[in-house]
Amino acid sequence: MTLTVCVPSSLVREAEDQREATRKIGYVARAATVFRADRLVVFPDREGERRWGGEFVATVLEYAATPPYLRQEAWGKRDELRYAGVLPPLRVSPRTGSESDDSGSLTQGIVTEVGPEGRVRVNCGLQHPISLYTPPGTEVEERERVTVRISSREPVRARIVDETPPGFVVERTDLSEALGREDAGVKIGTSRFGQKLSVGRLSTLAGRTADGMTVAFGSPERGLPDIFGFPPEAVADEESADDRVEPGPGFDLWLNTVPRQGSEVVRTEEAMFASLACLTLTE
């Protein structure tokens, strides 16, 4: 199952300073990591942006998703990362192969030097950069990121592979494009005005998410209905809701995943934890 999480560029619109904005983005990255999101999409909501917009949000998310041993080499010093020290560690679980094929674990590396005959030196979190061959027919450049499968650390046995490393990738694109992907699966818009998530509805939904799921969230005091310019009544929880054609950029359904919220506003990162905890349950 491919899990795509979509957040607006106005994600940190209520943050009082850059430090608070960075910390909030860190919690979003944590939620994406905890629930094994494959893709984290930042879609434009320029009307809702204030001081920090989509470029800032995406940059901090990409930095958070970068393994600590690569951050200095990959990012250097940037103004957007001034308060990167407040980001919570993600501690992404390694993705391993089966015991039968002894394929080892996947990790992310960065090319530090390109040599002759397809050999490159790669920093992939070991004590020193290691020399590896590039896969036949591929070319890499210095500072390019690659995926490395490490089958042994002592002695070192590793190879560059054409696979996705552990963790999530960050993309900036329109929400309609994210919902139109072949692997989008069930497309869910979250809103306090949507269908209330119940045990019965969750069990029905579980069978539909086997092929993937895309979940979109709004921003503080600016939910998805506001972002897309239609009244909350358009996604109201009604008995006939399952048979209606929903408004918006292409959702299959709208869900209120915190049906008994005790606060007037559920923050985006809080909504992510509450929603994904339910939607990723197994049968």
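User: In which loop does Thr-173 lie?

Analyst: In this predicted model, residues are numbered from 1 along each chain as its sequence is written, and side-chain values use heavy atoms, without hydrogens or water. Local features need pLDDT of at least 70 and side-chain atom pairs count only at pLDDT 80 or more, while totals for chains, interfaces and linings use all residues. Helices (H or I, at least four residues) and strands (E, at least two) are DSSP runs numbered from the N terminus. On that basis, Thr-173 lies in the loop between S9 and helix H4 (175-179).

User: Is Thr-173 buried or exposed, and which side chain does its own side chain meet in a polar contact?

Analyst: Buried means under 20% relative accessible area, exposed over 50%, and partly exposed in between (1.4 Å probe, protein chains only). Because its relative accessible area is 12%, Thr-173 is buried. A polar contact is a pair of N or O atoms within 3.5 Å; within protein, one must be able to donate a hydrogen and the other to accept it, and residues adjacent in sequence count only if both atoms are side-chain atoms. At 3.0 Å, the partner of the Thr-173 side chain is the side chain of Glu-177.

User: Which residues is Thr-173 in contact with, leaving aside its neighbours within four places in sequence?

Analyst: Contact means heavy atoms within 4.5 Å. With those neighbours set aside, Thr-173 touches Val-41, Val-42, Phe-43, Pro-44 and Ala-178.

User: What is the strand order of the open sheet, and which strands are at its edges?

Analyst: Two strands pair if DSSP finds at least two bridges between them. The open sheet has six strands with parallel pairing, in the order S9-S2-S1-S11-S10-S12. Pairing on one side only marks the edge strands, S9 (169-172) and S12 (253-256).

User: What residue in S2 is the bridge partner of Val-5?

Analyst: Strand S1 (residues 3-8) and strand S2 (residues 39-43) run parallel and are joined by five bridges. For Val-5, the bridge partner in S2 is Leu-40.

User: Which elements are included in the cover over the buried residues of H1?

Analyst: Helix H1 (residues 18-34) has 17 residues. Its buried residues include Ala-21, Ile-25, Val-28 and Ala-32. Their cover includes S1, S2, helix H2 (54-65) and helix H7 (268-279).

User: Which backbone nitrogen does a side-chain oxygen of Asp-17 reach at the start of H1?

Analyst: H1 is followed by Arg-36, whose phi is positive, near 55°. At the start of H1, the oxygen of the Asp-17 side chain comes to within 3.3 Å of the backbone nitrogen of Arg-19.

User: Why is strand S4 described as largely enclosed, and how many bridges pair S4 with S7?

Analyst: Strand S4 (residues 105-114) is largely enclosed by the rest of the structure because seven of its 10 residues are buried. Four bridges join S4 to the antiparallel strand S5 (residues 119-123). In the hairpin of S4 and S5, with four residues between them, Glu-117 in the turn has a positive phi of about 55°. With S7, S4 pairs in the antiparallel sense, and the number of bridges is six.

User: How many residues separate S7 and S8 in their hairpin?

Analyst: Strand S7 (residues 145-153) and strand S8 (residues 156-161) run antiparallel, joined by six bridges. Between S7 and S8 in the hairpin, the number of residues is two.

User: Over which residues is the pLDDT below 50?

Analyst: pLDDT is the predictor's confidence in each residue, from 0 to 100. The protein chain averages 88, and 92% of the residues score at least 70. The pLDDT is below 50 over residues 239-243.

Methods: Expected span 1.5 Å × (residues − 1).
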